[in-house]
Amino acid sequence: MAKFDERDDREANQDDRACSIQDSLDILGDRWTILIMRDAFRGVRRFDDFRRDLDIARPVLTERLKRLVVAGVLDRRLYCERPPRYEYRLTPMGAALSPTLVALMRWGDEWLTDEPPTVLVHETCGEPLDQAFVCWHCDETFTQSSIASRPGLTPTS
């Protein structure tokens with residue numbers, strides 16, 4: 001009976017443990033927010049430009065931008081004092097989302113469209129880029145089937 005109780009406690013603790021995916025979705029988990037982020041990576045910075053590009057209602061855009069600023073994903077900066085006008089720039093936290101958006105784009109290109117995929121290239125040399133999992137310790141690339149997770153471990157140098 002004790003082993004059964006211990007297993008139940010472990011399962012309950014796993015359910016109570018913070019989930020980074022859920023925390024991320026709390027900030028980014030709707031269509032408009034992801035599209036705002038896509039535009040931010042394309043260099044869109046101003047409210048009217050987001051609105052025009054996305055054809056999004058003003059109140060929806062206002063709320064999503066406010067949420068991204070409060071979360072630390074975008075920074076709101078004054079660019080004109082009269083009248084007060086702001087632009088939105090990626091913070092380091094926001095810029096770190098680049099691989100996530102690239103992965104979503106590539107997944108959509110592979111599974112959801114018959115259109116030719118978007119090709120991302122290295123600006124310096126013009127060659128196509130790949131997105132891969134890399135173990136810097138072993139200096140190897142690998143697939144998702146080689147990934148395991150261990151809660152509570154911190155990376156080692």
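Helices H3 and H5 are roughly perpendicular to each other, because their packing angle of about 70° falls in the range of 65 to 115 degrees that counts as roughly perpendicular. The model described here is predicted.

**Packing of H3 against H5**

- The axes of H3 and H5 lie 10 Å apart.
- From H3, the residues Trp32, Thr33, Ile36 and Met37 take part in the contact, and they meet Val60, Leu61, Arg64, Leu65, Arg67 and Leu68 in H5.
- By class, this contact of H3 with H5 comprises 7 nonpolar, 1 polar and 2 charged residues.

**Packing of H3 against H7**

- Helix H3 spans residues 31-41 and helix H7 spans residues 98-111; their axes come within 11 Å and cross at roughly 110°.
- That angle makes H3 roughly perpendicular to H7.
- The crossing of H3 and H7 is left-handed.
- On the H3 side the contact involves Ile34, Met37, Arg38 and Phe41, while H7 contributes Ser98, Leu101 and Leu104.
- The residues of this contact of H3 with H7 divide into 5 nonpolar, 1 polar and 1 charged.
- Met37 of H3 meets residues of H7 and also takes part in the contact of H3 with H5.

**Packing of H4 against H5**

- Helices H4 and H5 pack with their axes 11 Å apart, at an angle of about 120°.
- The crossing of H4 and H5 is right-handed.
- Phe47, Asp48, Phe50 and Arg51 of H4 make the contact together with Arg58, Leu61, Thr62 and Leu65 of H5.
- In terms of class, the contact of H4 with H5 holds 4 nonpolar, 1 polar and 3 charged residues.
- Leu61 and Leu65 of H5 take part in the contact with H4 and also in the contact with H3.

**Strand pair E1 and E2**

- Strand E1 (residues 74-80) pairs with strand E2 (residues 85-90) in the antiparallel sense, over 6 bridges.
- Within this pair, Leu74 stands opposite Leu90 in E2.
- The two strands, E1 and E2, are joined by a hairpin through 4 residues.
- In a regular strand, side chains alternate between the two faces of the sheet.

**Salt bridges**

- The structure holds 11 salt bridges.
- One of them joins the side chains of Arg64 and Asp30, at 3.1 Å from N to O.
- This pair links distant parts of the chain, with the two residues 34 residues apart: Arg64 belongs to helix H5 (residues 58-71), and Asp30 lies in the loop between helix H2 (20-28) and H3.

**Backbone features in loops**

- The peptide bond from Arg82 to Pro83 is cis, with omega near -10°.
- Pro83 lies in the loop between E1 and E2, the strands that the hairpin joins.
- Asp55 has a positive phi of about 55°, although Asp55 is not a glycine.
- Asp55 is placed in the loop between helix H4 (47-54) and H5, the two helices whose crossing is right-handed.

Notes. Residues numbered from 1 in each chain as written. Predicted model: local features only at pLDDT ≥ 70, side-chain atom pairs only at ≥ 80, totals over all residues. Heavy atoms only, no water. Axes fitted to C-alpha atoms, helices over the stretch in contact; angles between N-to-C directions. Parallel < 35°, antiparallel > 145°, perpendicular 65-115°, else oblique. Left-handed = near helix turned anticlockwise from the far one by under 90°. Contact = heavy atoms within 4.5 Å. Nonpolar A, V, L, I, M, F, W, Y, C, P; charged D, E, K, R; others polar. Pairing = 2+ DSSP bridges. Salt bridge = Lys/Arg side-chain N within 4 Å of Asp/Glu carboxyl O.
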